[in-house]
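Here are my notes on this one, point by point.

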Amino acid sequence: MIQACVLKDIYGDINGHALLKQFDLVISNSGGSLVLACLCNDMKISEIISVFEDEQLRKQVFSKLTFVEELNPRDMMAILRKFIGIGPKYSTERKLKGIIDVLTTKDHLFKEGVVKQPIIQTPMNELPVIIGKPDLQLVIVGFDYVHERVSFFRSNMLSNTDKFSAKYFAMPLSHAIHASSNAPVNYFDEAAVTKPFIRKPKPGFNDTIYMMTSWYWDGAVSGFNNPVLAGLIEAMTNGTPAKDCCILSLGTGTGGKVLLSDKITSNDPEDVQICQVNKNNKLVDTGTSFDFVMDIKKMSTSILDDPPDSATFIAYSIMDPSLSNNANLIRINPCYNPVMNKTTHVYEVPQAYMTDKDPEKKLLNLMQLGMDAVENQEVELITDLCNKFVTGNKICIANQFIRGDSSTCYLGQPTYAGAKEKWQKCM
């Protein structure tokens, strides 16, 4: 929803195909692949936002496991879930059905007879022509469970990046989205089955079609939760020099408690003072005691995260090795971390939350959201975040830096307004 709100603010409430035609390449992973699917469906951006705001539609994709499914004695995860709070909550099989049902219902092109089959069921290689830009490249990321490696589902059958394989995998859009959005461990109960999986020899080979089944987890497992680096490589290997790329990288929000676990062991007087004044601060974590259960919980969620700036920083460094902050890689992602009061050294809620009722509780609730924000009160927190971020006001949620953590030395733009302005110069 954050990504859709940003696109609506920059481009206006236009249809998905009109937006996609303004780009040469679009790469997405996980939740971003759902946004891409809606754009391929030619939905207005406001309609995409309304889908994320509809609790019943959300629950078709995030379909909770039944009591019987949760207590399956053959499922070791059921034991972990019961005793230490770790384990899947949603049905992978029903997720695919939910994705297909929701997007077929919203497919006005299919209803009007413009296309012969729903967009969501269309092989990716056929989408650019339907969108109206035959040379548009679409890429979706998944993690191949059997072969334990990343998979890139492409619309471009002649991608130079994929020339080392004698086969081309023409994945239907529904299965690509299903694979890419299948978060493991704490979310979905099994690997996403892609069947049928259409397998075609590349152009120049015999045009035989084979059927096969494959299994996938979320592309984040492969390290591409933020797929910007893979997107840059895709562009470069297909003929666009890195310095000539203009990249808009959209995130889904980042924020959490301030971690002072290392500072609490420091003998630096400034560190000692910061730890002392934040000793009982609910926005701060000073824990130094770890155990097996905590390790499992932390690792199961960290694989779905984007380290603060690694993907965008590496991509930026390829485009501009001098790190001059002039390259056209614009990162837009709300960053709602607590902010240190420079006078007292106490970490406080960001200024944009100061006038809210019980702002500390609201921020803590926002921090605790997983990728499965299904309930209305959870989505209301995200809507509020969007309103505090996508604004030209001076008091706003900060934008994520590409690199740096201060207002004096950084790559990127510290506010949404600044990032939007720079992107508009690229358009």
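This is a predicted model: local features need pLDDT of at least 70, side-chain atom pairs count only at pLDDT 80 or more; totals for chains, interfaces and linings use all residues.

**Notes on the core, salt bridges and strands**

1. Start at Cys-40. Residues are numbered from 1 along each chain as its sequence is written, and side-chain values use heavy atoms, with hydrogens and water left out.

2. Now the cores. The largest nonpolar core has 82 residues, of which Cys-40, Leu-138, Leu-173 and Ile-332 touch the most other members. Apart from it lies another core of 15 residues, among them Leu-232, Phe-313, Tyr-316 and Met-319. A nonpolar core here is a set of buried Ala, Val, Leu, Ile, Met, Phe, Trp, Tyr and Cys residues joined through side-chain atoms within 4.5 Å; buried means under 20% relative accessible area, exposed over 50%, and partly exposed in between (1.4 Å probe, protein chains only). As background, nonpolar side chains tend to be buried together in soluble globular proteins.

3. Have a look at helix α11 (residues 173–180). Eight of its eight residues are buried, so the helix is largely enclosed by the rest of the structure. Helices (H or I, at least four residues) and strands (E, at least two) are DSSP runs, numbered from the N terminus.

4. How many salt bridges does the structure hold? There are 14, each being a side-chain nitrogen of Lys or Arg within 4 Å of a carboxyl oxygen of Asp or Glu. I'd check Arg-154 with Glu-234, whose closest N and O atoms are 2.9 Å apart. That pair links distant parts of the chain, with Arg-154 in strand β3 (residues 149–154) and Glu-234 in helix α12, 80 residues apart. Both partners are buried.

5. For a local case, take Lys-59 and Glu-55, with their closest N and O atoms 3.2 Å apart. They sit four residues apart in helix α5 (residues 55–61), so about one helical turn separates them. Lys-59 is partly exposed at 33% relative accessible area, whereas Glu-55 counts as buried at 18%.

6. Lys-362 and Asp-356 also form a salt bridge, at 3.0 Å between the closest N and O atoms. Lys-362 is partly exposed at 23% and Asp-356 is buried at 17%. Asp-356, Lys-362, Asp-384 and Lys-388 are linked in a network of salt bridges.

7. On to strand β10 (residues 329–332), which is covered on both faces: Leu-329 and Arg-331 on one side, Ile-330 and Ile-332 on the other, all buried. Strand β7 (residues 247–250) pairs with β10 in the parallel sense over four bridges; pairing requires that DSSP finds at least two bridges between the strands. Leu-250 stands opposite Ile-332.

8. Finally, Thr-312 in helix α15 (residues 310–319). This residue is buried, at 1% relative accessible area. Not counting residues up to four places away in sequence, Thr-312 touches Asn-226, Val-228, Ser-249, Leu-329, Arg-331 and Ile-402.

Technical notes: Contact means heavy atoms within 4.5 Å.
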